[in-house]
Amino acid sequence: MLIRSRLVLYAGAALASTFSAHAEEPGFRRSQEALKFLTESNAGGYTDVGPYLCSYEGSAIHYNGNTTLQLVICLLEAPVDARQLVITSAGGDVDVAMFAAHLVSEMKLNVEVVGECASSCANYILPAAARVRIDPYSVVMVHGGPLPPDRQTLIEALAKSGFTSEKPNFDKTVEDNLLRSGFSYRLHANFVKKFSVGSGYYHFDPIREYIAEQNVSRPFILVDPYWLKTCLPGVDVVADEPDREQLEKLFPGRGLVFFSDVLGNQGDCLG
């Protein structure tokens, strides 16, 4: 059996343990350990180059970290007989995640989620997989996809950050941001078309309205099995019903809102 590994150590404070109820469950323990590393790795905020884990065992690629160039390198350096990607990720760079997703597609990888696959991991890595496997102690989290660039929206966002028209190079900054966001949106639109991803996977106003009405604190929007299968018709999805009680222990203090809580277990994500 071939085992090659890359380990980047993170010298951070140990995450306080809140996981005792299901300590005997192997799946729960595996998610617990994976999320602990991910949380500690991102303790200082998101970075394009940070702590991550990449290892190869038999035909499996194991990756724990952000969807950065580190994931791309992990995939490019995988053994030629790799057939599975086991991933724990809070997401990251949109453009790089799409590049990594195309590698996943070309390599015909099955993807197993351990703990979480969120943001760009959920948006792009999962739709490109041959098969997706999710156990009761792991989640798929989404927050929406890129929108067409809009000048006024961008100017308002810059103003909120304190960058207004009185600042030097304001006009150039606006144009540069519009150009970059336009490229990202076009890449995203082509990705959605190529992998036949349902529009409801990226745009879900009813769920956002529900969160506002219920005043959910620090919400996580989670895609449960029915909607994952409906939104990703080109993927063989094998997912257990989430163990909500234990997931609340894995993600303490977060409001877990599932698609099915708002939309039920019926409907069409492709609409």
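V111 has V132 of β6 as its bridge partner, in a predicted model where local features need pLDDT of at least 70, side-chain atom pairs count only at pLDDT 80 or more, and totals for chains, interfaces and linings use all residues. Residues are numbered from 1 along each chain as its sequence is written, and side-chain values use heavy atoms, with hydrogens and water left out. Helices (H or I, at least four residues) and strands (E, at least two) are DSSP runs numbered from the N terminus, and two strands pair if DSSP finds at least two bridges between them.

**Strand pairing around β6**

- Strand β5 (residues 110-118) runs parallel to β6 and is joined to it by 4 bridges, while β6 also pairs in the parallel sense with strand β9 (residues 236-239), again over 4 bridges.
- V132 has V237 as its bridge partner in β9, and V132 also belongs, with I134, to the covered face of β6 (residues 131-134), whereas R131 and R133 form the uncovered one.
- In a regular strand the side chains alternate between the two faces of the sheet.
- Together with helix α4 (residues 120-125), β5 and β6 make a β-α-β unit that is right-handed, meaning that, with the strands pointing away from the viewer, the path from the first strand over the helix to the second runs clockwise.

**Cavities**

- The whole structure holds 2 cavities of 30 Å³ or more, a cavity being a set of points on a 1 Å grid over the protein atoms alone where a 1.4 Å probe fits but cannot get out, with lining residues having an atom within 4 Å of a point.
- The largest cavity contains about 90 Å³ of space, and of its 13 lining residues the closest to its centre are I134, S138, V223, D224 and P225.
- The second largest cavity, of about 40 Å³, is lined by residues including S41, N42, P51 and Q70.

- In helix α2 (residues 69-76), Q70, L71, V72, C74 and L75 are buried, that is, under 20% relative accessible area with a 1.4 Å probe and protein chains only, where exposed means over 50% and partly exposed lies in between.
- K108, in the loop between α3 and β5, has a positive phi of about 55° although it is not a glycine, and K108 is exposed, with a relative accessible area of 62%.
- N215, in the loop between α7 (205-214) and β8 (219-222), likewise has a positive phi, near 55°, and is exposed at 67% relative accessible area.

Conventions. 1 Å grid on protein atoms, 1.4 Å probe; cavity = no way out; pocket = protein on both sides within 12 Å on 5 of 7 lines; lining within 4 Å. Points joined across faces, edges and corners; volume = space filled by probe spheres on them.
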